Amino acid sequence: MLENRKIFTLHAILNRVQQVFDELMLGKYFWVKVEVLKVSKDRRGHYYLELVEQVDDQVLARCRATIWQRNVERCIIDGGEELEKVVKAGAEILCYGEAVFHPMYGFSLHVIHVDYAFSLGEIERKKQMTLMQLSERGLLQLNKSKACPIVLQKIAVVASVGTSGYEDFVQHLTKNPYAFNFVLTPFDTQVQGEEASANIIRQLAAAARGNFDVVVIIRGGGSKFDLDVFNSIQVAAQIAQMPFAVFTGIGHETDSTVADFVSHTYFKTPSAVAAYIVALALAFDVYLTQSRAKLMEQTHRLMEQTKNRLIQLEEGIGNNSKFRIGESQGHLETQTTALSHVVQQLIQQSTSELRLVELTLESEAKILLKKKENTVQDYATRLAFWGKQSIGGERQRIIRLHEMIIACVKYKVTHTKAKLEQREEILPLFTIEHLLRKGFAVVRHQGKVLNEFTVLHKGDELELEIHNKVYQITIDSIEEIKRWKNLLMNEQLMN
């Protein structure tokens, strides 16, 4: 069974497919409108593309494509140096080439030409669609409604710092012939490439958090593909919603981007933006100069008018003052004469009234003095009576005290005398004769009565006196007895 089968190798089949494909397609070139899904480039300059056709996110066809280096040079010659900007991921291109099939690599397109006009038209078509979407969202006129100061001094510059466009803009402002001073705050950003859109939006958002008179977006000359980032709807929406007025100066005089349509004011070049800002400052400076001149003229005229008015007032015041002074002097003299007469009358009247008051006071003083004398006399009489009564009472009290003192002294004398008599009776009982008769004895040593401080030794002679007798005693032996000390101590304690 197996021997009856006809078996082909894959290579044979694919070679046959290639043969059939070549018979039908070889040497036939055609235009293809397709979307670029991926792009890569090797070091030799060959481009490798992945193309796709899809409708409503549904992929209808997909294949590889190649732009060999020799065709790349041709594309560059035909369209300038824009191939990388046209053939990029997400771009829709119109390319010319042939279809090839290889047993190992399968189906692919060899692209030999890319239609730049189609790509430019595609840019314009997308730009119009973006403008329509912005209009539907009400963003086209939004930034134009922002108030713009008369003079723009605090300026946020969103640009690629260091480029010729940025340097031209800065030089126009900083070296203006009128020496106006502008405060520039750069927000450095990438203005072309895949990350340009996100960078511009990020820097615009940072500028929106600052305090500026205006935000300026500038970019020097470039192709429409270079400027395509400013057709981004995200960049345009960010510009429209900025809290400050946004000026744009992007590309050449013939270029216009979606960013220009949504900005407050757009200019053809960065230099034109700077010239407009300087012109605003100059116009304001001229206005100030003219206003200052008008103000000085009006002030001078008012000063002249005021000066003349003052001179007239001075003359009027002088004449009026002289008249008023003369009139016042006459009135003053009349008033002085009248016042002198009145004063004399008042002095006479006051003198009479003063004399009357003096007499009245003298009479009242005599009456009052008499009353006071009577009162004093009455007080003296009362005091004499009260003195006699007080002296009599004090005298009686002294007499009673004298009698009490005498009685006390007599009592003390009698009591003391009785105690003395009692002691005189007891005193004989304590005489030495009475004590010797009672059996007591007196011992002397060397003529001194013994006491507790006397120290005796063997051989000492003692004198012992009793009633009616005296003995001489020589100590043969002697010993101090503890008992004696104890008795002595007890006696001392008892004393």
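Predicted model: local features only at pLDDT ≥ 70, side-chain atom pairs only at ≥ 80, totals over all residues.
**Entry 1: the largest nonpolar core**

I began with the largest nonpolar core, which holds 31 residues. H7 supplies the largest share, 6 residues.

I then picked Ile217 and listed its neighbours, leaving out residues up to four places away in sequence. Ile217 touches Val158, Leu204, Phe230 and Ile239, and also Val246, Phe247, Thr248, Gly249 and Ile250. I also noted a second, separate core of 25 residues, with Leu14, Phe21, Val86 and Tyr116 among its members.

**Entry 2: H7 and its cover**

I found 6 of its 8 residues buried, so H7 is largely enclosed by the rest of the structure. The buried ones are Ile233, Val235, Ala236, Ala237, Ile239 and Ala240. What covers the buried residues of H7? I found H4, H6, S8, S9 and H8 included in the cover.

Of these I followed H6. The axes of H6 and H7 come within 9 Å and cross at roughly 10°. Angles under 35 degrees count as roughly parallel, so H6 is roughly parallel to H7. On the H6 side I wrote down Ser197, Ile200, Ile201, Leu204 and Ala205; they meet Gln234, Val235, Gln238 and Ile239 of H7. By class, this contact has 6 nonpolar and 3 polar residues, and no charged ones.

A reminder to myself on helix faces: an α-helix has 3.6 residues a turn, so residues three or four places apart point the same way.

**Entry 3: H5 against H9**

My next stop was H5 (residues 164-174), which packs on H9 (residues 270-426). How far apart are their axes, and at what angle do the helices pack? I have 8 Å for the distance and about 15° for the angle. That makes this pair roughly parallel too. H5 passes H9 in a right-handed crossing.

H5 makes the contact with Gly165, Asp168, Phe169, His172 and Leu173, while H9 uses Pro270, Ser271, Val273, Ala274, Ile277 and Val278. Sorted by class, these residues are 7 nonpolar, 3 polar and 1 charged.

**Entry 4: Thr257, a loop residue**

I checked Thr257, which sits in the loop between S9 and H8. Is Thr257 buried or exposed? Its relative accessible area is 2%, so Thr257 is buried. Leaving out residues up to four places away in sequence, Thr257 touches Lys127, Leu227, Phe230, Asn231 and Ile250.

**Entry 5: two residues with positive phi**

Last, I looked up two residues other than glycine with positive phi. Ala179 has phi near 60° and lies in the loop between H5 and strand S7 (183-188). With a relative accessible area of 67%, Ala179 is exposed.

Asn468 has phi near 65°. I found Asn468 in the loop between strand S13 (461-466) and strand S14 (469-474). Its relative accessible area is 69%, so Asn468 is exposed.

Notes: Residues numbered from 1 in each chain as written. Heavy atoms only, no water. Axes fitted to C-alpha atoms, helices over the stretch in contact; angles between N-to-C directions. Helix = DSSP H or I, 4+ residues; strand = E, 2+ residues; numbered from the N terminus. Parallel < 35°, antiparallel > 145°, perpendicular 65-115°, else oblique. Left-handed = near helix turned anticlockwise from the far one by under 90°. Contact = heavy atoms within 4.5 Å. Nonpolar A, V, L, I, M, F, W, Y, C, P; charged D, E, K, R; others polar. Core = buried A, V, L, I, M, F, W, Y, C linked by side-chain atoms within 4.5 Å. Buried < 20%, exposed > 50% of the residue type's maximum accessible area, 1.4 Å probe, protein only.
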